[in-house]
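Welcome, and please open your viewer beside this text. We will start with the whole chain and then select a few places one by one.

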Amino acid sequence: MGIIAALIIGAIAGWLAGKIVHGAGFGLIGNIVVGIIGALVAGWVLPQLHIELATGTIGAIVDATIGAVIVLVILSLIRRV
C-alpha cells in the first residue's frame, strides 16, 4: 500500500473512531495519526485474537478503525488520570 493510500485510510479510520468514541476527535492531522497508529495496533491485536476481517481497502479501513477506537479509549483513560 502506498503512503497516500495509508494516509487516506488513516484519516477515514481516525474520523470514524472519533465518531464512535464521542469527544475524542483530534482534528484532521490528529485523526490521521490516530488512524495510522490504530492500523498498527489492529495489525498486531487482531491476529493475536485470531480475528480475520475482510480484505482489501474496506477491510483495511475496518481494521484501522477498530485499532483507532482502541487507541482513543486508551488515550481517554489516560486523560482522566
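**The whole chain**

Of the 81 residues in the chain, 33% are buried, where buried means under 20% relative accessible area, exposed over 50% and partly exposed in between, with a 1.4 Å probe and protein chains only. This is a predicted model, in which local features need pLDDT of at least 70 and side-chain atom pairs count only at pLDDT 80 or more, while totals for chains, interfaces and linings use all residues. Residues are numbered from 1 along each chain as its sequence is written, and side-chain values use heavy atoms, with hydrogens and water left out.

Switch to a cartoon view: the chain has three helices and zero strands, in the order α-α-α from the N terminus. Helices (H or I, at least four residues) and strands (E, at least two) are DSSP runs, numbered from the N terminus.

Now show C-alpha atoms alone. Along the principal axes they fill a box of roughly 35 × 30 × 15 Å. The radius of gyration of the chain is 12 Å, which agrees with the value near 12 Å for a compact globule of 81 residues; it is taken over C-alpha atoms, and the globule rule is 2.2 Å times the number of residues to the power 0.38.

**Select H1 and H2**

Pick residues 3-20 for helix H1 and 27-48 for helix H2: the two pack at an angle of about 100°, with axes 7 Å apart. Axes are lines fitted to C-alpha atoms, for helices over the stretch in contact, and angles run from 0 to 180 degrees between N-to-C directions. H1 is therefore roughly perpendicular to H2, a label for angles of 65 to 115 degrees.

Which residues of H1 meet H2? Show Ala6, Leu7, Gly10, Ala11, Ala13, Gly14 and Trp15 in H1, which meet Asn31, Ile32, Gly35 and Ile36 in H2; contact means heavy atoms within 4.5 Å.

**Select Gly18**

Staying in helix H1, go to Gly18. Is Gly18 buried or exposed? Gly18 counts as buried, because its relative accessibility is 15%. Draw a distance from its C-alpha atom to that of Asn31, 13 residues apart along the chain, and you get 7.6 Å.

**Select Thr65**

Finish in helix H3, residues 56-80, where Thr65 sits. Thr65 has 8% relative accessibility, so this residue counts as buried. Which residues does Thr65 touch, not counting those up to four places away in sequence? Display Ala13, Leu16, Ala17 and Ile20 to see them.

Note on methods
Parallel < 35°, antiparallel > 145°, perpendicular 65-115°, else oblique.
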